[in-house]
Amino acid sequence: MATVKLRQLRYFLAIVDHGGVHRAADALHIAQSSLSQTMRALERDLGTELFHRIGRE
């Protein structure tokens, strides 16, 4: 079974609550890259994509 950490779930909920990674990172007072890495690890642990990512283009 996947090992999901409480921090990963808290970060996931922050992204949902704040409507995006950038705003969630600001609210959590962490770097956006750190939040993104944590979410990628959660997706890897769960074996599924949790967010539809849209590039900057």
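Me: What should I know before I start reading?

Reply: The model is predicted, so local features need pLDDT of at least 70 and side-chain atom pairs count only at pLDDT 80 or more, while totals for chains, interfaces and linings use all residues. Residues are numbered from 1 along each chain as its sequence is written, and side-chain values use heavy atoms, leaving out hydrogens and water.

Me: How many helices and strands does the protein have?

Reply: Helices (H or I, at least four residues) and strands (E, at least two) are DSSP runs, numbered from the N terminus. Here there are three helices and zero strands. Along the sequence the pattern reads α-α-α.

Me: What share of the residues is buried?

Reply: Buried means under 20% relative accessible area, exposed means over 50%, and partly exposed lies in between (1.4 Å probe, protein chains only). Of the 57 residues, 25% are buried. Take M39 in helix α3. M39 has a relative accessible area of 2%, so it is buried. T38 also sits in helix α3. T38 counts as buried because its relative accessibility is 8%.

Me: Which residues make up the largest nonpolar core?

Reply: In soluble globular proteins, nonpolar side chains tend to be buried together. A nonpolar core is a set of buried Ala, Val, Leu, Ile, Met, Phe, Trp, Tyr and Cys residues joined through side-chain atoms within 4.5 Å. The largest one here has nine residues: Y11, A14, I15, A24, A25, L35, M39, L42 and F51. Helices α1, α2 (21-28) and α3 each give two or more residues to this core.

Me: Which residues does M39 touch?

Reply: A contact means heavy atoms within 4.5 Å. Not counting residues up to four places away in sequence, M39 touches Q8, Y11, F12, I15 and F51. With the same exclusion, Y11 touches L28, I30, L35, T38 and M39. T38 touches R7, Q8 and Y11, again leaving out residues up to four places away. Now look at the whole protein. Among contacts with a separation of 6 or more, 45% join residues 24 or more positions apart.

Me: How many aromatic pairs are there?

Reply: Rings of Phe, Tyr and Trp (its six-membered ring) pair if their centres lie within 6.5 Å; planes under 30 degrees apart count as stacked, over 60 as edge-to-face and the rest as tilted. The count here is one aromatic pair. The ring centres of F12 and F51 are 5.4 Å apart and their planes are at 45 degrees, so the pair is tilted. The pair links distant parts of the chain: F12 is in helix α1 (residues 6-18) and F51 is in the segment after α3 (32-46), 39 residues apart. F12 is partly exposed, at 23% relative accessible area. F51 is buried, at 18%.

Me: What is the phi of H29 near?

Reply: Most residues other than glycine have a negative phi. The phi of H29 is near 60 degrees, a positive value in a residue other than glycine. Find H29 in the loop between α2 and α3. With a relative accessible area of 73%, H29 is exposed.
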